[in-house]
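Welcome! Take a moment to look over the structure below, and then we will walk through it topic by topic.

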Amino acid sequence: MRALLLLCCWLLSAPVMAGAPIVAAASSLQFALEAAAAQFTQQTGHALRLNFGSSGNFRRQIAQGAPFELFLSADEGFVQALYDEGHVDNTGVMYARGRLAWVQPAGRYSLPDEQAPLAGVQEAIAALEEGQRLRIAIASPEHASYGMVAREVLQKAGLWESSEALRVQGENVSQAMQFALSGEARGGLVAYSLAVAPALVGRSEAVLIPEAWHTPLRQRMVLMPQAGEVAHEFYAWLQQTDAKEIFQTYGFSTD
Amino acid sequence: MDWSAFSVSLRLAALTCLFLLPLGIWLGRLLATAQFRGKGLCEALIALPLVLPPTVLGFYLLQQFGRDAPLGGAWSALTGSGLNFTFSGILLASLIANLPFAIQPIQRAFEHVPANLREAAWCSGLSPWQTLWRIELPLVWPGILSAAALTFAHTLGEFGVILLVGGAIDGETRTLSIAIYDRVQAFDEQGAASMSALLLVISLATLGLVYGLAGKRRWARGQ
């Protein structure tokens, strides 16, 4: 009976973990922000809760009242939209510029030349005409920033329609990266920051897509109105040298 | 292994059972014994979560849970917090998604209690409460147990609804099945593997318990 009472108390106790601020971050930051948060926690003793997903999805959740305290978007459009709708009271700061890359499984196909980074897409389209279907992975062009620029690059290269039958879409850029490295795919247009992460560097090969080919990925972060002290501190910390070095390690530029 | 996700999942599953089982006993008995207009519709509504894609349920709940919607607005006026992205929100979603799992097994069990047994109990001077407590519940307990086990196991496995209304917040709405999805996306296959194995074991153990008890009972009856 006492055990049952204890069980009921545990059930009815409000979910704990309140306190550590929740940070919503674009999937392209999956490894970089984990490293940054670990260092921040080590230096300050403050814990953070990180949520990764597509920027567009977080933008929607924030508009619906999600209890995030800091939002790191993969571009500036979503932050601007939140500001325009009055969900945040400023447009935050740009913390890094992201790069799109062609990423493919290591050691399986020839890596496209830097001058023609879309050669893998063209090869896959040619292979389809011979009856072999090699997938091309991108993130959702509807609500993931890297998916939007991937679509832009393919459209400008005139490969959007011809690659349609080959494209698989990840819900966010992390999932697109999974798909790109799966045995089914020739590769994918995903975030360079994922390709250079220590966890994946042995499994993938990458070629950067020239920045001039798409709208720049000016990654912007903004504090929510309900942000507490720790979130403010992390926001400031992310703009300092230690954080910038981490971002650079993961292939972002911070100037 | 994400222990806070494990704790959220366990708490969600246990609370879902705690709230749904009394409702299941009441509604299951009512549906098994009474005839009334609209009973078919009522049963269809209860069974709906079985066939409705969880994303459809999640989509409607997401809309209803918003502070601008009547339900979400009333809740936030009452408690001060919204329903989307909170533990209360996923609990409410889980209560709705599990209606058929909690009610149907109990209803089937009550249907097997002969009506004249109940009448005999009344004739012997037992009140309806005493009849329920001393005659009917001992007969339908395997149904209640399977309802509990199915509800528990199904809540642990619920994904689509919780993904839509929960927002995967650590310690609040990130359940084990959402955490597995997150770990896969974070390329942490080891984390995903250990949590998947845990869910597999719990689900199998829960169902094993139900079928084991039901089997023992059948065997005992055959003697």
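Predicted model: local features only at pLDDT ≥ 70, side-chain atom pairs only at ≥ 80, totals over all residues.

Residues are numbered from 1 along each chain as its sequence is written, and chains are lettered from A and ligands numbered from 1 in the order in which they are written.

**The nonpolar core**

- F71(A) is also one of the residues with the most contacts inside the largest nonpolar core, along with L70(A), L72(A), A101(A), Y146(A) and V190(A); this core has 125 residues.
- A nonpolar core is a set of buried Ala, Val, Leu, Ile, Met, Phe, Trp, Tyr and Cys residues joined through C-beta atoms within 7 Å.
- "Buried" means that 20 or more other C-beta atoms lie within 10 Å of a residue's own; with 12 or fewer the residue is exposed, and in between it is partly exposed.
- Helix α8 (residues 128-157) of chain B gives the largest share of this core, 8 residues.
- At least three residues of the core come from each of domain 1 (2-97 + 217-249) and domain 2 (100-208) of chain A.
- As background, nonpolar side chains tend to be buried together in soluble globular proteins.

**The two domains of chain A**

- Chain A is assigned domain 1 (2-97 + 217-249) and domain 2 (100-208); such bounds come from an automatic or database domain assignment.
- The C-alpha centres of domain 1 and domain 2 of chain A are 28 Å apart.
- Where they touch, 16 residues of domain 1 of chain A are in contact with 17 residues of domain 2 of chain A.
- On the domain 1 side, α2 (30-44), β2 (49-53) and α3 (55-63) of chain A are the elements that give two or more residues.
- That side of domain 1 of chain A divides into 7 nonpolar, 8 polar and 1 charged residues. Ala, Val, Leu, Ile, Met, Phe, Trp, Tyr, Cys and Pro count as nonpolar, Asp, Glu, Lys and Arg as charged, and the others, Gly among them, as polar.

**A sheet in chain A**

- Which strands make up the open sheet of chain A, and in what order? Its 5 strands run β2-β1-β3-β10-β4, with mixed pairing.
- Helices (H or I, at least four residues) and strands (E, at least two) are DSSP runs, numbered from the N terminus, and two strands pair if DSSP finds at least two bridges between them.
- The edge strands, β2 and β4 (93-98) of chain A, each pair on one side only.
- Strand β1 (residues 22-26) and strand β3 (residues 70-72) of chain A are parallel partners over 3 bridges, and A25(A) has L72(A) as its bridge partner in β3(A).

**Enclosed elements of chain A**

- Strand β5 (residues 100-105) of chain A has 5 of its 6 residues buried, so it is largely enclosed by the rest of the structure.
- β5(A) is joined by 4 bridges to the antiparallel strand β8 (residues 185-191) of chain A, and it pairs with strand β9 (residues 204-208) of chain A, also antiparallel, over 5 bridges.
- V103(A) stands opposite G188(A) in β8(A), and its bridge partner in β9(A) is A206(A).
- A185(A) lies in strand β8 of chain A and is buried, with 24 other C-beta atoms within 10 Å.
- Leaving aside neighbours within four places in sequence, the contacts of A185(A) include F179(A) and A180(A).
- F179(A) and A180(A) are among the buried residues of α7(A). All of helix α7 (residues 173-181) of chain A, 9 of 9 residues, is buried, so this helix is largely enclosed by the rest of the structure.

- Chain B has 11 helices and 0 strands.
- Its C-alpha trace spans about 65 × 45 × 30 Å along the principal axes.
- Of the 223 residues in chain B, 37% are buried.
- Helix α7 (residues 115-123) of chain B is hardly covered, with 0 buried residues among its 9.
- The contact between the chains takes 21 residues from chain B and 19 residues from chain A. Helix α1 (residues 3-33) of chain B gives the most to the chain B side, with 6 residues.
- By class, that side of chain B has 10 nonpolar, 7 polar and 4 charged residues.

How values were computed
Contact = placed C-beta atoms within 7 Å.
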